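Try each task before reading its solution.

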Amino acid sequence: MRSLNNLLNTLSPAEQTEIRTGWTNDRPNGPVTSDDPDAGLWEPKPPEPVKCPYCGNNQYYAGYYHGHGRVQWYLNTVDAVIPCKCDGMTRHIEKQRELYRQRLDQEKAEQQKKELKRLIEKNIRSSGMPEKFRRRTFSTFQVSNENSKAFRTCKAYADRFDELTEREQNGLAIIGPIGTGKTHLAAAIANELLQSGKKVICMPSVDMLAKIRATYREDGNDDEIMNDLKTADLLIIDDLGKEKATEWTSQTLYTIINARYENELPIVITTNYTLKNLVDRMTPAGSQDSISAAAAVDRLYETCIEVPMIGKSWRTSQHGRTV
Ligand SMILES: [Zn+2]
């Protein structure tokens, strides 16, 4: 095929002008293919078609017509050659698309896994959990006749957290004497939920109050820690009632417990005291005002399922002694 210039040179200047003018009007600028009947007149010439490996038919190139007989052929893009419509090529393309989708899904899953891991690590750092709590899981808990019911309740609570915390009674009050494994169960709930990406704060009440107080002293602003305590998916207060009660502890605990109550967010507590005795424990000595303590415990009464831990202390009974 003669090149465009050779072709033009055989024509008179008037004819050349006519053709050039015609080109500007012959077709709108836009996508074209290399099997176009006019393709031989365009510059540059179209690339040779590629044989379909499945049926041997020609596959043509796509391009863009820029007017005046000039075309830009798409040579280097993945979809440069217009694929054959035969069954073999159709199946091949479908398979490639499927592989591509699978790869995208896989990359997305890996990305989500990484993000979950980052979230878990971040939540563990901000959980306030003492290091020794971190190893206390359901699998390391020693189940006995005395504690098996409490164990099952706590395990079910962690396993079905989203469902169970939709209910009005969305928390647990794990109640029993020292050394019965209350803290272990509470920590196990925290560890299981943290591993599923939940934001859990799990602290002994004494530590929690000390942390609030320390933050308050440093810059007069306890908003961040208080906000975390009020908004975490789950707040676990270990050993509630152990703290020495003052007006401040009583009011601070009430503020946290009430905020979570208002937002229908769950609380798990462990305590050596019955809920009734907790009011006395949380009321400052010599104070006639037990309103904050009573109101806080009222909220717990209303929202927490009681999980009694009865029987012998397993820590001491392991050594052959009983409490
Ligand atoms: Zn084909």
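**Exercise 1: strand 8**

Task: decide how far strand 8 (residues 234–238) is covered.

Solution. Strand 8 is mostly covered: 5 of its 5 residues are buried. Buried means that 20 or more other C-beta atoms, placed from the backbone, lie within 10 Å of a residue's own. Strands here are DSSP runs (E, at least two residues), and helices are runs of H or I (at least four), numbered from the N terminus. Next, take the faces. L234, I236 and D238 are buried on one side, L235 and I237 on the other.

The model is predicted, and local features need pLDDT of at least 70, side-chain atom pairs 80 or more, while totals for chains, interfaces and linings use all residues. Residues are numbered from 1 along each chain as its sequence is written.

**Exercise 2: its partners**

Task: find which strands pair with strand 8.

Solution. Pairing requires at least two DSSP bridges between two strands. Strand 7 (residues 200–204) pairs with strand 8 in the parallel sense over 5 bridges. There, M203 has I237 as its bridge partner. Strand 9 (residues 267–271) is also parallel to strand 8, over 3 bridges. L235 stands opposite I267.

**Exercise 3: the core**

Task: locate A190 and list its contacts.

Solution. The largest nonpolar core has 52 residues, and A190 and I236 are among those with the most contacts inside it. Such a core joins buried Ala, Val, Leu, Ile, Met, Phe, Trp, Tyr and Cys residues through C-beta atoms within 7 Å. Helix 6 (residues 182–195) gives the largest share, 8 residues. Beyond neighbours within four places in sequence, A190 is in contact (C-beta atoms within 7 Å) with S127, M129, V200, C202 and I236.

Conventions. A residue is buried if 20 or more other C-beta atoms lie within 10 Å of its own, exposed if 12 or fewer, and partly exposed in between; C-beta atoms are placed from the backbone. Two residues are in contact if their C-beta atoms, placed from the backbone, lie within 7 Å.
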